[in-house]
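Please take me through the terms used for this protein, and show in each case how the value leads to the word.

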Amino acid sequence: MTVYFLIFLVALILALAMTPAAGRLALRTGMVDHPSGRKLHQRPVPLLGGLAIYLALVGAVALFSDRNYLGQLAGIFVGATLVSFFGLWDDRSGLPPLIKLAAQLAATGILLVFGVQVQLFEWPALNYALTVLWVVGITNALNLLDNMDGLSAGVATVASAFFLVQAALSGQYLVGALAAALTGACLGFLVYNFNPARIFMGDSGSLFLGFLLAVVGLKLRFDNVTTVTWMIPVIVLGIPIFDTTLVTFSRLRRGLNPLTTPGKDHLSHRLVKLGLTHREAVLTIYVAGAALGLIATLLTRASPLEAYGVLAVLLAAGLFALVKLEAVYSRPTE
């Protein structure tokens, strides 16, 4: 546990120190997010927060890396760097969605080469396909979730903290190190990104975080052989998964392209429409994410019957919430 605390602390300190520097660099280079009709901020905000998160996380893990994991760690960071680079490019000048998707597919291919993949089925092709779906899906889910001050960074902090607990309990150094660095880097950045945000992470940050959270979820293993392993990361990352599902369903219902249509139709926006302030909406989502993380952690000691029973309840609650929140969005503003 000591090494995990040191990784967390180094990542936190580096993020706290580097985020203001990244903000100044963004202002000097014109990397800022300007106000527009669909955005919530009223003044230009620096966009290079993702660079600070990247450097803090990589620096912390590099300081405490274990030679036994250098191969997989190299593959993970090459893939994450590729995804983050194309996100940075998109922040700078804009990229077609298909170009970013191609980069994410290439990054996932790198993971597969280094043996980071789903291991649920006897047939390799199914494992490869599910790995691509999971990594690309979670990567973009964190990107979509980055729609309100402090939201994506806070949700990533909560999720990675629970991944850290689960990795520590099962003695997985690589997963624990990545999760500790994620928690520290996100928390350090969140100091400057919470409402009112002084800096944004941009696509370079949100895609990087989504990719690494997906990887940590893939790498999790458990001592309890009866644990329904695939369920744990899905529940921990339930908030970005739910938000993406909600937005996709809503836009398809309205005849819109869910991948290219921007809008204030995310979970956070709907909570605001229910009467919460922006801060209250974000904090409510944090609490929901923490509740899901706690449930997932408890399920690591549950029997398969108990786990599937809890999953059925969560799915029913999610469906109920989706229907109610879609009705809220469809309700005319008074």
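Q: What makes H2 oblique to H8?
A: H2 and H8 pack with their axes 7 Å apart at an angle of about 40°, where axes are lines fitted to C-alpha atoms, for helices over the stretch in contact, and angles run from 0 to 180 degrees between N-to-C directions. Angles under 35 degrees count as roughly parallel, over 145 as roughly antiparallel, 65 to 115 as roughly perpendicular and the rest as oblique, so H2 is oblique to H8. The helices themselves are DSSP runs (H or I, at least four residues), numbered from the N terminus. This is a predicted model, in which local features need pLDDT of at least 70 and side-chain atom pairs count only at pLDDT 80 or more, while totals for chains, interfaces and linings use all residues. Residues are numbered from 1 along each chain as its sequence is written, and side-chain values use heavy atoms, with hydrogens and water left out.

Q: Which residues of H2 and H8 meet, and how do they divide by class?
A: Gly50, Leu51, Ile53, Tyr54 and Leu57 of H2 meet Ser204, Gly205, Phe208, Leu209 and Leu212 of H8, contact being heavy atoms within 4.5 Å. These residues divide into seven nonpolar, three polar and no charged, where Ala, Val, Leu, Ile, Met, Phe, Trp, Tyr, Cys and Pro count as nonpolar, Asp, Glu, Lys and Arg as charged, and the others, Gly among them, as polar.

Q: Why is H1 called roughly antiparallel to H2?
A: The axes of H1 (residues 2–29) and H2 (residues 49–63) come within 7 Å and cross at roughly 150°, and that angle makes H1 roughly antiparallel to H2. Among the residues making the contact are Ile7, Val10 and Leu14 of H1 and Leu51, Leu55 and Gly59 of H2. By class, this contact has 14 nonpolar, two polar and no charged residues.

Q: Why are H1 and H7 described as roughly parallel to each other?
A: Their axes come within 7 Å and cross at roughly 30°, and H1 and H7 are therefore roughly parallel to each other. The contact of H1 with H7 has 18 nonpolar, five polar and no charged residues.

Q: What is the largest nonpolar core, and which residues have the most contacts inside it?
A: A nonpolar core is a set of buried Ala, Val, Leu, Ile, Met, Phe, Trp, Tyr and Cys residues joined through side-chain atoms within 4.5 Å. The largest one has 91 residues, and Leu57 and Phe211 have the most contacts inside it. Helix H7 (residues 173–193) gives the largest share of this core, 14 residues. Leaving out residues up to four places away in sequence, Leu57 touches Phe77, Ala181, Leu182, Ala185, Phe208 and Leu212.

Q: How do you know whether Leu292 is buried or exposed?
A: Buried means under 20% relative accessible area, exposed over 50%, and partly exposed in between (1.4 Å probe, protein chains only). Leu292 has 17% relative accessibility, so Leu292 counts as buried. This residue of helix H12 (residues 278–299) is in contact with Ile235, Gly238, Ile239 and Leu314, apart from its neighbours within four places in sequence.

Q: Why does Gln117 count as buried?
A: Gln117 counts as buried because its relative accessibility is 15%. Gln117 is found in the loop between helix H4 (97–113) and helix H5 (124–145).

Q: What makes the peptide bond from Asn195 to Pro196 cis?
A: The omega of that bond is near 0°. Pro196 has its place in the loop between H7 and helix H8 (202–219).

Methods
Helices (H or I, at least four residues) and strands (E, at least two) are DSSP runs, numbered from the N terminus.
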